[in-house]
Amino acid sequence: VSSEDSKDCTFCKIISGQLPCIKVFENDEILAFLDIAPISRGHTLVIPKTHVSRLTLASPSVMSSLGSVLPQISNAVIQGVGAEDFNLLQNNGKIAGQVVFHLHFHIIPRFKEVEGRG
Ligand code: 5GP
Ligand code: ZN
């Protein structure tokens with residue numbers, strides 16, 4: 001699918017530095033940065049530096065790189081914002097709500113709800 005290739009991929013542009021981001025973590029294979037429209041404070045996206053449009057197309061080595069850093073990034077994010085807990089979310093395909101076709105995991109910190117503040 002042409003819309004799933006790397007040519008006009010927003011996250012590839014972030015990786016190459018063509019678009020800015022607020023970095024949370026980076027190594028040779030992985031980048032984590034704050035979501036531009038956070039669901040909660042500290043909402044972070046974790047992506048492989050090679051373009052993979054969705055989970056079903058990810059190689060074992062890409063998944064190994066992601067898996068090896070997801071626990072520590074999640075921990076750093078929730079510690080950093082003082083969250084209690086978090087959701088790890090990953091959408092695949094338009095119908096499932098995927099908007100950016102570059103594989104990403106959402107780390108969404110969850111806070112104890114304060115009465116009277118929605
Ligand atoms: P999806 O619905 O594809 O799982 O989530 C895509 C996420 O990427 C959304 O939460 C959206 O706010 C975020 N996003 C889209 N464009 C940008 C961008 O240019 N910069 C950043 N930091 N996040 C983006
Ligand atoms: Zn991409």
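The legends below accompany close-up views of a predicted model.

**View 1. Confidence of the predicted complex as a whole.** Across the chain the pLDDT averages 95, and 95% of the residues score at least 70. For the complex, the predictor reports an ipTM of 0.99 together with a pTM of 0.95.

View 2. His104 counts as buried because 24 other C-beta atoms lie within 10 Å, where 20 or more are required. Leaving aside residues up to four places away in sequence, His104 is in contact with Phe11, Leu45, Val46 and Ile47.

**View 3. The shell of residues around ligand 1.** Ligand 1 is surrounded by 14 residues, of which Ile36, Ala37, Asn91, Val99 and Val100 are the closest. Sorted by class, this shell around ligand 1 comprises nine nonpolar, four polar and one charged residues.

**View 4. The antiparallel pairing of strands E1 and E2.** Strand E1, formed by residues 23-26, and strand E2, formed by residues 30-34, run antiparallel and are joined by three bridges.

Terms used. Residues are numbered from 1 along each chain as its sequence is written. Chains are lettered from A and ligands numbered from 1 in the order in which they are written. This is a predicted model: local features need pLDDT of at least 70, side-chain atom pairs count only at pLDDT 80 or more; totals for chains, interfaces and linings use all residues. pLDDT is the predictor's confidence in each residue, from 0 to 100. A residue is buried if 20 or more other C-beta atoms lie within 10 Å of its own, exposed if 12 or fewer, and partly exposed in between; C-beta atoms are placed from the backbone. Two residues are in contact if their C-beta atoms, placed from the backbone, lie within 7 Å. A residue is near a molecule or strand if its C-beta atom, placed from the backbone, lies within 6 Å of it. Ala, Val, Leu, Ile, Met, Phe, Trp, Tyr, Cys and Pro count as nonpolar, Asp, Glu, Lys and Arg as charged, and the others, Gly among them, as polar. Two strands pair if DSSP finds at least two bridges between them. Helices (H or I, at least four residues) and strands (E, at least two) are DSSP runs, numbered from the N terminus.
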